[in-house]
Amino acid sequence: VGACLADDMGLGKTVQTLALLLRRAPEGPALVVAPTSVCHNWLDEARRFAPTLRAKLFGNGDRQKLLDELEPFDVVVCSYGLLQSEQEKITGRPWTTVVLDEAQAIKNAATKRSQAAMALDADFRVATTGTPIENHLGELWNLFRFLNPGLLGSKKRFDARFAVPIERDHDRKARRLLKELVSPFILRRTKSQVLSDLPPRTEVVRKVDLSTDEAALYETLRIKALEQLDGDREDSAGARHLKVLAELMKLRRAACHPKLVLPESKLSGAKLETLVEIVTDLTDGGHKALVFSQFVDHL
């Protein structure tokens, strides 16, 4: 049977999952599916807390070769986007353990992303999410369709037995029965329960890749800066130093958002999109967020 790790944000779901992966590593390779914004974080955390695991990013290079050469102690980290686009490759082989990180990503049963997740061949399945239910009970049904297929019955049966009585009629008996069914497979801790064990601050670094168009813009600005500096060789050392700093500042701003250097740009900005995802998760969980930026116009 599968399990859902539903601790509050910041309580160490990644570390707990790595402990599980390490325990099961001798049995064969594992797969971690995560949002693109946290894939590199998984690699960093694996190197830090479970160096015996060989964490590999599924992306660049020969993807089929990577899958064909997997051995025990290998952990493949894959984005939800690649799970969907490379479904045939990834679902075409068995996995000892499959982890869906931020598993609310498959809350909609009708999406291709959800369908790809259901097609995975795994001995043991784990979902990590601080919000197993965001909007309605149908999301919980789909999560358990991944973890323990059949436990909650068909969607029609689930709606008639639980969703409608609980959401429309506020049926306490149905609510209690549903809780009895799913609670053995859910581990959830809140911050209030473990407050005395928490460090003063938990720092999580999210590395965000620029979109293809943003990367192209950044490269254009970089080359233009080099050409301009190359043409200013006759300037004094002090003046040249200031121009270098100005060009570096422009590149830093471009890495934050294209509109900071090109106000007329129509590009959305990968970092801003990631921020919206994070803040949405926080507010959905009843948390508050304080957002800083080095550039006021970015805020």
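This is a predicted model: local features need pLDDT of at least 70, side-chain atom pairs count only at pLDDT 80 or more; totals for chains, interfaces and linings use all residues.
Local features were taken at pLDDT of at least 70 and side-chain atom pairs at pLDDT 80 or more, whereas totals for chains, interfaces and linings use all residues. Residues are numbered from 1 along each chain as its sequence is written, and side-chain values use heavy atoms, without hydrogens and water.

Helices (H or I, at least four residues) and strands (E, at least two) are DSSP runs numbered from the N terminus. Strand E5 runs parallel to E2, to which four bridges join it, and parallel to E6, with seven bridges; strands pair if DSSP finds at least two bridges between them. Val99 of E5 is the bridge partner of Val32, and Ala122 of E6 is that of Trp95. Seven of the eight residues of E5 are buried (under 20% relative accessible area, 1.4 Å probe, protein chains only).

The axes of H1 (residues 13-24) and H2 (residues 36-49) come within 10 Å and cross at roughly 65°; axes are lines fitted to C-alpha atoms over the stretch in contact, with angles from 0 to 180 degrees between N-to-C directions. Contact (heavy atoms within 4.5 Å) involves Thr14, Val15, Thr17, Leu18 and Leu21 of H1 and Trp42, Glu45, Ala46 and Phe49 of H2.

Methods: Buried means under 20% relative accessible area, exposed over 50%, partly exposed in between (1.4 Å probe, protein chains only).
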